[in-house]
Amino acid sequence: MSSHRIRNIFVQGPISPAFIAEKIAAHSDKTNIGGHSIFLGQVRADEKEGKTVVSIDYTAYEEMALEKMHAIRQETFNKYDLTCMHVYHSLGQVKAGEISLFVFTSSVHRKPAIDACAEIVERIKAELPVWGREILSDESHVWKENR
Amino acid sequence: MHPGKIKVLFFGQLAEMTGKSGMDLQDVTDTQAAIETLTRLYPRLSQTPFLLALDKEIVEGKIPFTGDHTLALLPPYAGG
């Protein structure tokens with residue numbers, strides 16, 4: 001069920017558990033699906049320079065990120081036998097313990113959903129122009145770097 | 001075609017370092033000349049790793065400008 005239009009993946013602030021639950025519920029009428037795979041990225045209260053990360057302020061080159069995500073989406077649909085794929089990423093402030101990334105794939109049998117979900121997460125981290133300013137407990141900040 | 005207006009975009013720590021989200025450059029012929037001009041304005045650019053996106057495509061080396069373009073300086077990605 002690949003689509004040709006560029007979809008927005010960005011949501012302002014954290015991704016709420018209620019939003020995630022709604023997205024799961026929205027698939028109950030798609031009875032050909034036999035397995036969903038979900039990845040949730042959560043902001044971690046890392047120790048940096050002797051201080052604690054209290055939140056991350058996300059920014060992106062939105063236009064480029066959405067084009068890149070569109071290409072990743074098309075390539076993933078071509079590679080895996082997926083029924084559905086949904087991706088949401090936060091912009092703005094997300095506190096430690098809150099969700100900033102939600103990747104949701106579905107397939108008839110479990111394996112394509114699991115494999116595609118894992119690959120999409122890796123590609124998002126490596127290929128999307130998104131930045132995170134980690135706000136520390138004393139209100140200073142450092143720039144997040146993906147490993 | 002003559003080089004046109006180059007719209008430069010700064011993101012992440014580069015936006016913080018330059019104190020702006022972007023600026024326009026005139027009379028630069030290629031990506032290398034643009035980076036040289038920007039590094040003269042912001043010497044700390046030379047100590048900051050970044051990728052270059054020309055019209056939203058990652059490019060490397062010296063790419064000539066033909067008309068108006070958007071040139072984005074992208075520090076290491078940190079999505080997720």
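Visitor: What is the place of A:Asn78?
Guide: In this predicted model, A:Asn78 belongs to helix 2 (residues 62-79) of chain A.

Visitor: Why is A:Asn78 called exposed?
Guide: Let's count. A:Asn78 has 9 other C-beta atoms within 10 Å. A residue is called exposed if that count is 12 or fewer, so A:Asn78 is exposed.

Visitor: How far apart are the C-alpha atoms of A:Asn78 and A:Ile9?
Guide: They are separated by 20 Å, and the two residues lie 69 residues apart along the chain.

Visitor: Which residues does B:Phe11 touch?
Guide: Leaving out residues up to four places away in sequence, B:Phe11 touches A:Thr59, A:Tyr61, A:Pro129 and A:Trp131 in chain A, and B:Ala72, B:Leu73, B:Leu74 and B:Pro75 in chain B.

Visitor: How many residues of chain B are in contact with chain A?
Guide: There are 14 from chain B, in contact with 21 residues of chain A. Helix 1 (12-18) and strand 5 (67-74) of chain B each give two or more residues to that side of chain B. Its residues divide into nine nonpolar, four polar and one charged.

Visitor: What is the mean pLDDT of chain B?
Guide: The mean is 94, and 96% of the residues of chain B reach 70 or more.

Key:
Residues are numbered from 1 along each chain as its sequence is written. Chains are lettered from A and ligands numbered from 1 in the order in which they are written. This is a predicted model: local features need pLDDT of at least 70, side-chain atom pairs count only at pLDDT 80 or more; totals for chains, interfaces and linings use all residues. Two residues are in contact if their C-beta atoms, placed from the backbone, lie within 7 Å. Helices (H or I, at least four residues) and strands (E, at least two) are DSSP runs, numbered from the N terminus. Ala, Val, Leu, Ile, Met, Phe, Trp, Tyr, Cys and Pro count as nonpolar, Asp, Glu, Lys and Arg as charged, and the others, Gly among them, as polar. pLDDT is the predictor's confidence in each residue, from 0 to 100. A residue is buried if 20 or more other C-beta atoms lie within 10 Å of its own, exposed if 12 or fewer, and partly exposed in between; C-beta atoms are placed from the backbone.
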